[in-house]
Amino acid sequence: MNPRLQHKVALVTGAGSGIGAATATRFAEEGAHVFLTDADFERVASVAATISAAGGRATARRQDVTDESDWNVLMQEIIDVKGRLDILVNNAGIVITGTVESTSLSDWRKTQAVNLEAVFMGTRAGVAAMKATGGSIINISSIEGIIGEALTAAYNASKGGVRIFTKSAALHCAQENYNIRVNTVHPGYILTPMVTEGIGSLSPDAGAEMHANLMREIPLKTMGEPLDIANGCLFLASDESKYMTGSELVIDGGYTCR
Ligand code: NAP
């Protein structure tokens, strides 16, 4: 059987850690040449080196997704070197906890810049790169883009924005006959530094209570692994999902069922 992403060129942002690293690795295993970017170059270079050592094709670059000129330079390089881009995963993200009352304006703006504005810039750049050849754009939202949590006011807003912005981009690409599909992935609680460091920053009692609450609230009674999300991204990246655009792929152990 042929690899599922044979001859494809992919770009994954925030690929130095967690879900992005797992997704880039999974794409390379299925035959894609993957460009991995992250604000932290050493970390993303190390992930790319691991992929290459396993026989995959990977190129690491430093990119701040909030910087428009970084997007321009990166996309130009990919088109110059590979001649095409088939898959883009807008994955880089941050979480700053705070309620509507405790969130500062600067934390609100920082969250929107990384989680929402950068997804707009990435999707726009991806559409420009793919409109002659077609492709798949995957925007990483969250269960927090579907349901509210008191403690994640800014994050909720950013991920809800990603969800509905993606539908707008999907409709535009369909109307223009670009053969570009644009979908969201909505992870639940996944064991990555974002979650482990978040729980670790609480007092031992509060951390244990949060963990116990999560185990009660997640119907499958466990947190997910980055590979669970990477496999969903692989499906959306591959031609197996050719009839999906503007869709929401929820991978959350059942968290949003009730
Ligand atoms: P992670 O382990 O913290 O990885 C996120 C990566 O993005 C980090 O390497 C981070 O670098 C990078 N990044 C942050 N700001 C950036 C910027 N401005 N430019 C370029 N790279 C930047 O988090 P993760 O859990 O894998 O999260 C990946 C995505 O999944 C995020 O969009 C997140 O919101 C979403 N998500 C995660 C979960 C979960 O439970 N883990 C659930 C729902 C959705 P630094 O560490 O240097 O900042």
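Biologist: Which residues line the second largest pocket?
Modeller: In this predicted model, the lining of the second largest pocket is made up of Lys8, Arg84, Asp86, Thr133, Gly134, Gly135, Ser136, Asn179, Arg181, Ala237, Asp239 and Lys242.

Biologist: And by class, how many of them are nonpolar, polar or charged?
Modeller: Sorted that way, the lining of the second largest pocket holds six charged residues and five polar ones, together with one nonpolar residue.

Biologist: How much space lies in there?
Modeller: The computed volume of the second largest pocket is about 180 Å³.

Biologist: Switching to cavities, how many are there of 30 Å³ or more?
Modeller: The count comes to one cavity of 30 Å³ or more, and the space in the largest cavity is about 40 Å³.

Biologist: Now the whole chain: how is it divided into domains?
Modeller: The assignment gives domain 1, written as 9–188 + 226–242, and domain 2, which covers 192–223.

Biologist: How far apart do the C-alpha centres of domain 1 and domain 2 lie?
Modeller: The distance between the C-alpha centres of domain 1 and domain 2 is 25 Å.

Conventions: Residues are numbered from 1 along each chain as its sequence is written. This is a predicted model: local features need pLDDT of at least 70, side-chain atom pairs count only at pLDDT 80 or more; totals for chains, interfaces and linings use all residues. Side-chain values use heavy atoms; hydrogens and water are left out. On a 1 Å grid over the protein atoms alone, a cavity is a set of points where a 1.4 Å probe fits but cannot get out, and a pocket is an open set with protein on both sides within 12 Å along at least five of seven lines; lining residues have an atom within 4 Å of a point. Grid points are joined across faces, edges and corners, and a volume is the space filled by probe spheres set on the points. Ala, Val, Leu, Ile, Met, Phe, Trp, Tyr, Cys and Pro count as nonpolar, Asp, Glu, Lys and Arg as charged, and the others, Gly among them, as polar. Domain bounds come from an automatic or database domain assignment.
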